[in-house]
Amino acid sequence: MKFLHKLRHLFIPHESNNHKAKILHNSSLSILIFFFVLYQALLSFFPRFGPKILGYAANISPDEVIRLTNEKRAEAGVGPVSVNATLSAAAQAKGADMLNKDYWAHVAPDGTQPWFFFTSFAYKYRYAGENLARDFSDPTSAVNAWMASPSHKENMLSSKYKEIGVAVVEGDMAGVDTTLIVQFFGTNLVDTLPETPIAQVQAAVPSLTPIPTSAPAVVLTVTSIPTPTVTNIIVAAPPAATTTSPQILISPFNTTRGISLAVILVLLSIMIIDVVVNIRRKTFRLGGRTLAHIAFLGMILIIVLIARAGKIL
Amino acid sequence: MNHWTKHLPHYLSLLGILFAGGFGIILFGFDKLLQTALAIGVAGAYVAWGVVHHFLHRDLHPIVIIEYALIALFGLSITLSIINR
């Protein structure tokens, strides 16, 4: 009986809770927010020190990413890009570099530009571009996310690019098992050289503008035969902690989403009960408009329902 | 004029704010910074709406403002967690 009174006190407007469910009181809301923020803080910091149990399960093949990219290009009336093994190796190196140095950016913390990976693998480009994605569960979601972003879409559908290389790298990033997709676009300089007269490549040093997703074009001047030289060849280092074992127990996104949905639905139910009970009892009380709270939480509920895991850069 | 008709413009404006904010957050899924700014903006607008509404209704009280702020903070913490996971 005491338990039922406690439940009524928590969830139903009554004299004992001043005609407002206790869980909707300011003190209860503060506690709720505190525990939610604490949970998020634990999700962020725990992986760095605790056991590696967080991660994003993914089943992504580079070939499928390339196929979908060409599908989008065909839909836009742009010619397909062909797979280039050198670009794929360069993309693999970029992915491994991000995992080993623990960064998620176009430019590494030490200033390494994306174009470094192109030239390191002796890919002399006329045009180059990079799209990045992480934590997507399937290739379609990643490609759709790129297509929704104007700058990434521009790379995907640019007729300047003739070749593509895609790498899917899995490993540990900030303590969380992560799947990175690195998509390199390029047009080989040799492909753009005229048959006669023979052109020379002027030393093309990409500018240091941060976060471009496409590299500046190199300049051609007609003089003598180019002598391609390869410098700074790097080998794709294996990711710090590559794993495909079923050790992933918790997806940070899915748990956040699940807990958020549960809490919002509970609060919305209690608020609806609050509105119905107070209309029937014609109770006047000092407080916010419960209908407004329902509308606000309803919007949050829709955002949480629509949200999908995955980030692009 | 009954209670609902009197406050209809208030609630319509609130729905407008929430619809625009929610639509923007979903639409700009590729830009985390913009999504964050929109989420903060909507939460702030919600508190502002509450203050104006209760002021016009002549029942504005610090407890009411705190309640709107807490609901906004709760929604904001959930939205930012979802955006950045």
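**Salt bridges and their setting**

Analyst: Confidence comes first, as this is a predicted model. In chain A, the mean pLDDT is highest in helix 10 (residues 290–306), at 94, and lowest in strand 6 (residues 220–221), at 33. Chain A as a whole averages a pLDDT of 80, and 80% of its residues score at least 70. Two stretches of chain A call for caution. Over residues 196–212 of chain A the pLDDT is below 50, although the model gives this stretch 34 contacts beyond near neighbours in sequence. Residues 218–246 of chain A likewise stay under 50, with 60 contacts beyond four places in sequence. Where pLDDT is low, the predicted coordinates should not be read in detail.

Turning to the salt bridges, a search over all chains finds eight in the whole structure. Side chains of opposite charge can pair when their charged atoms come close. One such pair is Arg67(A) and Glu71(A), whose closest N and O atoms are 2.8 Å apart. Both residues belong to helix 3 (residues 62–75) of chain A, where they are four residues apart, about one turn of the helix. Arg67(A) counts as partly exposed because its relative accessibility is 41%, and Glu71(A) is also partly exposed, at 33%. The pair is part of a network of salt bridges that links Glu64(A), Arg67(A) and Glu71(A).

Lys101(A) takes part in a salt bridge with Asp97(A), at 3.1 Å from N to O. Lys101(A) and Asp97(A) both lie in helix 4 (residues 85–101) of chain A, again four residues apart, about one turn of the helix.

Asn17(A) lies in the loop between helix 1 (2–11) and helix 2 (26–49) of chain A, and it counts as buried because its relative accessibility is 2%. Beyond its neighbours within four places in sequence, Asn17(A) is in contact with Arg8(A), His9(A), Ile12(A), Lys22(A) and His25(A).

Helix 2 of chain A also holds Phe34(A), which is exposed, with a relative accessible area of 51%.

The largest nonpolar core has 48 residues, and Ile264(A), Phe296(A), Tyr46(B) and Ile78(B) have the most contacts inside it. Elements giving two or more residues to this core are helix 2, helix 9 (252–281) and helix 10 of chain A, with helix 1 (3–27), helix 2 (32–56) and helix 3 (62–83) of chain B. Helix 3 of chain B supplies the largest share, 10 residues. Another core, apart from this one, has 23 residues, among them Ala91(A), Leu99(A), Phe121(A) and Tyr125(A).

Technical notes: Residues are numbered from 1 along each chain as its sequence is written. Chains are lettered from A and ligands numbered from 1 in the order in which they are written. Side-chain values use heavy atoms; hydrogens and water are left out. Buried means under 20% relative accessible area, exposed over 50%, partly exposed in between (1.4 Å probe, protein chains only). Contact means heavy atoms within 4.5 Å. pLDDT is the predictor's confidence in each residue, from 0 to 100. A nonpolar core is a set of buried Ala, Val, Leu, Ile, Met, Phe, Trp, Tyr and Cys residues joined through side-chain atoms within 4.5 Å. A salt bridge is a side-chain nitrogen of Lys or Arg within 4 Å of a carboxyl oxygen of Asp or Glu.
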